[in-house]
Amino acid sequence: MGAAVLRSLPAEALAQPHVFQQDPVDRLMARFLAVLILVGLAVVLWSLFRYRGRDVGAISWGLLLGGTIVLPVMFTGVGTILALERVRTVPLCGSCHLTMKPYVDDMMNPKSNSLAAIHYTNRYIAENQCYECHTSYGMLGTLESKEQGIVDVYKYYTRTFQLPLQLRHPYRDQDCLKCHAGAKKWIAAHEDSQEKIFAGKVSCMQCHVETNPAHTLIGQESNP
Amino acid sequence: MSLPSVRTIELDPRIIRWTLISAQVLALIVYLLGAGFLFRSSGGTLFLFSVVAPALIVLAALALGGVALYRYLRRTSLFAFALFEPGDVILQQGDHGDFAYFIQQGEVEVVRREKEVETLISVLKKGQHFGETALISNEPHQSTVRAKTRVRVAMLGKRKFLHMLRFVHPAHGDLMSSINQQATEQAAKRAKAAARSSRD
């Protein structure tokens with residue numbers, strides 16, 4: 001039974017439809033984390049049951065240090081790797097239902113003509129579609145998104161967000177160009193304008209927002 | 001004999017026990033937060049796991065570290081310290097001695113009970129000591145010592161006390177002369193009391 005639970009962990013957590021879509025890092029880390037949690041719980045509960053808060057001798061101190069410091073530190077370290085993987089997934093972005101659901105629904109809607117839907121439904125971006133478009137290039141982009149994400153989660157759970165949501169800053173061209181620049185189709189379509197785009201004189205959204213808005217939202221006008 | 005400065009603070013064992021239990025409960029919460037994130041990854045469980053859980057681990061580590069430091073200081077400290085309220089019996093006549101007591105604050109009264117009659121032998125003050133005779137002679141206490149006011153005493157365990165006498169010769173001399181002086185005073189008091197009672 002335990003093995004079955006361990007095998008099903010990543011699928012349970014991410015609700016991925018196909019096994020091949022499961023990230024091996026996520027799968028391994030999830031199992032390792034589950035083992036650490038079980039061992040840690042067993043150590044702490046045994047220590048509480050056996051010693052009831054008394055520190056008598058080396059074994060009780062070993063259990064205290066192991067269960068209270070060593071295993072939790074290991075477990076948060078491993079958990080951080082898992083968190084860094086999972087934080088990129090679409091289901092995690094969509095878990096903030098009140099704010100993100102309309103965006104995710106639109107992105108997954110095959111009838112929508114928004115840029116998000118076009119990229120998602122055609123699998124122009126293979127996975128982690130929210131993260132790929134909303135995180136700037138490189139390590140600093142990831143750090144920036146984590147820093148902003150913590151603030152967003154805080155605002156979400158304290159209900160201090162404002163609807164309709166606003167981007168913190170105008171959408172950056174580099175977040176489009178990191179994939180599109182240099183592509184044959186893009187070069188052909190932007191033959192006349194690419195110098196201006198690279199110089200920052202024309203932004204991607206200036207033209208594309210008319211025909212294909214980033215998201216087409218239905219039913220999110222004000223705070224719930 | 002001069003007393004060393006206070007190096008430790010005595011904690012109620014219940015405080016230590018509950019501190020350790022609290023640290024372990026915090027660890028349990030950390031594991032549950034981790035399980036929450038593992039089985040249901042969302043913004044909320046991620047926030048709890050990546051922000052709240054590390055803060056709880058730091059708290060648990062501080063609690064455990066505090067107790068470990070306290071234990072270390074206790075083990076390496078020469079003296080233990082205790083507070084007694086007025087009327088508290090510090091040591092009982094007839095009991096075996098475990099500590100030598102050095103008065104740091106307050107007064108104690110030394111009383112002896114013979115044939116159901118309690119006699120006040122002496123009153124000891126800050127800087128004086130008691131309980132050491134039973135440690136040296138390996139005999140039960142000859143009298144009871146009670147707190148007269150609120151008293152703070154430094155307590156030196158039997159083994160440490162005998163080590164001190166063996167290795168620190170000036171302490172041995174000081175203590176012996178002090179014991180002699182106390183014994184002489186007490187003998188004189190007893191003689192005076194006996195003479196008074198025979199006159200009556």
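**The nonpolar core and the chain contact**

Mentor: In the largest nonpolar core, which has 47 residues, those that touch the most other members are A:Leu33, B:Ala23, B:Ala27, B:Val30, B:Phe49, B:Ala53 and B:Ala60. A nonpolar core is a set of buried Ala, Val, Leu, Ile, Met, Phe, Trp, Tyr and Cys residues joined through C-beta atoms within 7 Å; buried means 20 or more other C-beta atoms within 10 Å of a residue's own, with C-beta atoms placed from the backbone.

Trainee: Which helix gives the most to this core?
Mentor: Helix 2 of chain B, with 11 residues. Helices are DSSP runs of H or I, at least four residues, numbered from the N terminus.

Trainee: How should I read the labels and the model?
Mentor: Residues are numbered from 1 along each chain as its sequence is written, and chains are lettered from A in the order in which they are written. This is a predicted model, where local features need pLDDT of at least 70, side-chain atom pairs count only at pLDDT 80 or more, and totals for chains, interfaces and linings use all residues.

Trainee: What does B:Ala27 touch?
Mentor: Not counting residues up to four places away in sequence, B:Ala27 touches A:Val44, A:Gly67, A:Thr68, A:Pro72 and B:Ala60. Contact here means C-beta atoms, placed from the backbone, within 7 Å.

Trainee: New topic: how many residues does the contact between the chains take from each?
Mentor: Chain A gives 36 residues and chain B gives 32 residues. On the chain B side, helix 1 gives the most, with 15 residues.

Terms used. Contact = placed C-beta atoms within 7 Å. Helix = DSSP H or I, 4+ residues; strand = E, 2+ residues; numbered from the N terminus. Buried ≥ 20, exposed ≤ 12 C-beta atoms within 10 Å, placed from the backbone.
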